[in-house]
Amino acid sequence: MGTVLPATRTGGLWPLSNRFDIVLDLDSPRPGSPTDTTETSVRRRRRTTGAGAAAVAVAVLATALATTGGTADAAEPERLVVDLGTDTGAFHGGASGSLYGVYGDGVPSRNLLEGMHVRTVSTKAQDGPQHPGADALEVLPPFVDSGGKDVYIYMTDIYRGFPYQWPGADGPARLADFKEKITKQVRQVLTMGEYRDHVVYVPFNEPEGNMFGTGEWSYNKVSWLNDPQYYFTAWKEVYRLIKSLDPGARIAGPNTSVLYDQVKGFLRYAKANDVVPDVMTWHELSSPAAVRTNVAKYRQMEKDVGVGPLPVNVNEYGHNYHLSVPGQVVQWVSAIEESKIDADLAYWNIDGNLNDSAVEANKGNGQWWLFNAYGQMTGHTVQVTAPHPNQQYTLQGVATLDRGKRQSRALFGGKSGDADIVFENVDPGLFGTTVRATVQEIPWTGQVGDSAQPLRLADQEVRVGADGTVTLPMTGMNEMSAYQVILSPGGKGGKPAEPSVSWRKSYEAENASYTGGGYSKNGPEGSPSQVGKFATSGMYNVGGLRSGSDGVLAFDVEVPQDGTYDLSVFANSYNLYDLVKEQGPTNVFLRVDGKDPQELRLPLGYKWVVWGHTDTSVRLTAGKHRVTLAAQDPDLGVTKGDAIIDKIDLKLRDRRVTAPAIYEAEYATLSQTAPRYGGDSGAGAVPLPEGATATFWVYSPTDGESTVSVDHLGDGKAGLALNGERLDVPKAGGAKAGTDTVRLFLSGGINKVTVTGASGALLLDRLRVTPSSGTLVPTVYQAENGSVSGAAKVTDAYSFASGGKAVTGVGNGKGNALTLDVVAERSGAHALTIRYSNAEQAPATHYNPDPIARHADLSVNGGPARRVLFPTTFHFNNFWDLTVPVTLKEGTNRLTFTAEELPDFDGDTYNQYDQRSPYAPVIDRVAITPLAHK
Ligand SMILES: [Ca+2]
Ligand SMILES: [Ca+2]
Ligand SMILES: [Ca+2]
């Protein structure tokens with residue numbers, strides 16, 4: 001939201017240079033309907049080898065190229081040149097902003113916020129009726145506590161509808177109403193203590209499209225772009241009003257949907273009347289190229305007018321085709337970082353998921369990991385020359401050099417196939433004559449598909465060429481992936497680590513054969529000319545597997561060796577589609593060569609063509625096999641629902657893949673220390689004197705036990721913390737090199753592990769993490785075996801609830817409660833894992849679906865209740881796990897779940913649009929697990 005509708009956007013307001021063919025997917029394609037299966041549209045070069053195909057051979061050679069920028073032979077690969085000798089300014093990190101990406105404390109989790117390094121978030125005025133959640137003053141504390149810088153309050157979003165439905169008989173009456181509401185908003189901000197320093201007021205949003213446009217809900221049907229007097233006066237009055245109430249206020253504007261030429265007039269007026277915004281804002285839904293061009297254009301306007309330079313926040317960027325796709329978003333990130341501005345990912349879908357970065361409450365997709373890597377860049381950016389500078393849908397990148405850390409990082413992507421990544425002017429004083437290069441891939445995992453940590457493609461020692469260059473030939477790149485190279489001093493480090501990937505291949509559903517009824521080949525989906533549609537592998541997908549169908553989708557695969565293979569089915573069902581509403585997740589049946597049937601439940605999405613993945617494993621012998629997905633199985637049953645399939649990924653699960661994940665300390669986020677190069681593993685190790693920290697973002701596929709090995713080189717001791725809580729385990733380290741092993745309960749998705757120096761200066765080498773079992777054993781309690789009171793009741797309405805039963809009706813007052821008695825073997829910190837479902841949704845006024853995060857007020861042993869938010873699971877029969885830490889006493893502990901609707905900020909009034917739920921989610925079961933054991 002926060003965007004004029006596409007009809008307006010293409011309706012003549014756009015300058016020609018910004019005109020872009022936007023096709024918004026308002027009418028979701030129905031998989032059952034016949035679709036155009038011809039491929040007459042402009043079809044872009046697709047990757048030729050499947051998703052990074054077999055052996056992503058990233059051969060790394062120390063090649064000293066004779067020239068840079070000479071006439072390249074046509075057969076030579078493209079080159080992305082990172083010039084470490086040309087400093088382009090301090091790393092800014094502004095691209096990781098979000099419009100409406102935070103619902104409230106816990107949705108997404110603080111881990112996701114902090115680990116994504118979200119710098120700015122734009123969100124609705126407290127208690128505004130635009131969308132559920134995302135209330136500015138509820139977002140502010142968890143956001144700032146998670147390292148966020150600024151919360152931009154969309155003051156207009158105190159109104160319903162888009163355009164904003166501000167009441168009043170005429171323009172002046174409407175503005176008077178708005179001023180009243182602004183006054184109330186500022187007074188509320190003033191109660192927020194030091195958090196108020198992190199507030200930026202945005203009094204108008206896309207004023208040309210609504211309040212000061214020409215429509216029904218405009219001030220006087222006069223567009224300010226033609227006659228600015230009404231808007232400019234309103235700006236001046238509102239600006240002065242805010243500053244009179246809060247003299248320290250920062251105010252942002254004009255927040256137009258594009259950088260109009262008329263913005264120059266706005267600046268002139270603002271300067272003349274002493275109402276210049278503290279932050280300049282506009283939207284770039286166009287292209288990364290437009291970001292660079294328009295920031296430059298704006299800087300020239302400033303010079304012409306004689307203001308600034310002001311901080312800039314492009315507080316809406318990207319389209320559905322780009323979002324969630326690391327290879328696309330890295331192109332935007334490169335342009336935004338180069339422009340040294342802040343920018344917020346656009347909000348086209350649901351709120352609270354960091355603009356299609358967050359999965360469930362605490363998992364990240366590929367886009368999340370891209371921002372995790374971006375946010376860990378430090379030092380200064382250096383000049384990157386792309387093979388096609390400032391041209392979208394080509395290889396683009398961003399790079400840094402941290403001289404104190406003696407490390408360079410480059411993030412790049414956007415192209416399939418081969419390219420050379422060339423580092424020039426590699427300073428021998430910093431790096432020596434040999435560098436250690438670690439190359440990682442951050443793949444696309446769908447909008448709602450969880451992603452593990454980046455894949456390690458290569459880890460190599462490379463001689464620096466006589467001319468100071470290091471060339472890394474990348475082969476078999478996937479245009480949907482982003483890639484990272486980390487360069488450190490080499491020559492003295494440990495043995496290079498093996499890649500963490502083995503043989504892998506993707507098979508597009510649109511290339512698979514189909515028998516039976518109901519087939520449709522759907523697409524083209526998102527593409528450069530259809531950026532409003534969702535990204536899809538190969539641009540097409542297949543429908544047909546649904547209730548009543550006899551369809552079989554057959555993939556002919558060929559694998560190199562006998563073994564276990566991980567199989568990911570990229571699929572989607574629209575949660576509100578009639579056939580899907582009946583059961584929730586659509587079930588389909590997998591067989592290999594007609595044998596070994598498995599039932600798979602496919603992921604749900606908030607719209608059609610929103611991809612997740614369902615993962616399983618299969619045993620395959622070397623050679624050819626037929627993998628089938630069917631809507632019927634003679635042994636297992638029939639499909640209920642309706643799903644579309646994008647592709648399957650097949651990956652050999654060998655020693656490389658099952659080895660513990662490696663998190664090198666020298667690549668971690670460091671405070672009060674710097675790496676020391678040379679060591680047992682990777683490029684080096686990190687000394688941790690007292691108080692110094694190394695922070696790792698550690699992945700776990702599920703909520704459960706992992707074995708964390710702390711490899712160190714001695715010289716001190718350090719304490720461990722998990723997700724900000726100090727762990728009750730002995731300190732790691734000692735006088736001599738060694739490994740300390742601790743079992744930790746990790747939350748599914750992202751975990752923050754902090755190692756803090758305690759005594760001496762422990763030389764921390766790395767963490768190794770692998771899922772394990774048997775030490776931290778969960779005790780499971782079915783909710784239906786607890787005691788319920790009032791309207792809370794046990795239900796068997798949800799077939800996918802464990803034990804076939806769950807508890808519903810908790811909430812709408814403390815009298816309707818669920819109570820569970822759980823037993824802890826010892827006192828201390830435990831993980832409470834709640835299996836729940838929630839599909840409450842509020843009526844929406846425009847294209848954003850408005851799912852509601854329900855909450856539970858959880859009390860342990862009668863203590864004060866803690867409010868836990870539960871994001872939508874898209875269907876009440878779709879259950880997810882959510883873990884919260886609790887402190888238990890030895891023996892029996894009583895957990896009480898209640899819920900009641902929270903009033904507005906004033907404590908008296910309530911939301912009038914059913915946007916705050918009085919209910920807890922459906923609770924299936926809980927599990928209690930000790931948090932740590934050493
Ligand atoms: Ca496909
Ligand atoms: Ca190391
Ligand atoms: Ca149950």
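In helix H9, the buried residues are Gly366, Gln367, Trp368, Trp369, Leu370, Phe371, Asn372, Ala373, Tyr374 and Gly375. Here a residue is called buried if 20 or more other C-beta atoms lie within 10 Å of its own, exposed if 12 or fewer do, and partly exposed in between, with C-beta atoms placed from the backbone. Helices (H or I, at least four residues) and strands (E, at least two) are DSSP runs, numbered from the N terminus. H9 spans residues 366–375, and because 10 of its 10 residues are buried, the helix is largely enclosed by the rest of the structure.

The model is predicted, so local features need pLDDT of at least 70 and side-chain atom pairs count only at pLDDT 80 or more, while totals for chains, interfaces and linings use all residues. Residues are numbered from 1 along each chain as its sequence is written, and chains are lettered from A and ligands numbered from 1 in the order in which they are written.

Stepping back to the whole protein chain, its secondary structure comes to 12 helices and 58 strands. Its C-alpha atoms fill a box of roughly 75 × 75 × 65 Å along the principal axes. The radius of gyration, taken over C-alpha atoms, is compared with a globule rule of 2.2 Å times the number of residues to the power 0.38. For 934 residues a compact globule would come out near 30 Å, and the 27 Å of the protein chain agrees with this. Of these 934 residues, 57% count as buried. Two residues are taken to be in contact if their C-beta atoms, placed from the backbone, lie within 7 Å. Among contacts between residues at least 6 apart in sequence, 79% join residues at least 24 apart.

The chain is divided into domain 1 (78–90 + 381–500), domain 2 (100–376), domain 3 (505–653), domain 4 (660–771) and domain 5 (779–933), with bounds that come from an automatic or database domain assignment. Between domain 1 and domain 3, the C-alpha centres lie 34 Å apart. Seven residues from domain 1 and 10 residues from domain 3 make up the contact. On the domain 1 side, the touching residues comprise three nonpolar, four polar and no charged. In this grouping Ala, Val, Leu, Ile, Met, Phe, Trp, Tyr, Cys and Pro count as nonpolar, Asp, Glu, Lys and Arg as charged, and the others, Gly among them, as polar.

An unreviewed UniProt entry carries the annotation "domain: CBM6" over residues 505–651 and 779–929; UniProt positions are given in the numbering used here, feature names are shortened, and annotations may be inferred rather than shown by experiment. Over residues 505–651 the chain is 3% helix and 56% strand, with end C-alpha atoms 7 Å apart. Over residues 779–929 the figures are 0% helix and 46% strand, and the end C-alpha atoms are 7 Å apart.

Two strands pair if DSSP finds at least two bridges between them. Strand E53 (residues 854–860) is joined to antiparallel strand E54 (residues 866–870) by five bridges, with Asp857 partnered by Arg867 in E54. Five residues separate E53 and E54 in a hairpin, and Asn861 in the turn has a positive phi of about 55°. Four bridges join E53 to E56 (residues 891–898), again antiparallel, and the bridge partner of Leu858 in E56 is Phe897.

Some backbone details deserve a friendly word of notice. Most residues other than glycine have a negative phi, and most peptide bonds are trans. A cis peptide bond, with omega about 0°, joins Val107 and Pro108; Pro108 is found in the loop between strand E2 (97–99) and helix H2 (110–116). Another cis peptide bond joins Gly253 and Pro254, with omega about 0°, and Pro254 is found in strand E6 (residues 250–256). Glu206 has a positive phi near 40° and is buried, with 27 other C-beta atoms within 10 Å. Asp596, in strand E27 (residues 595–601), has a positive phi near 50° and counts as exposed, with 10 C-beta neighbours inside 10 Å.
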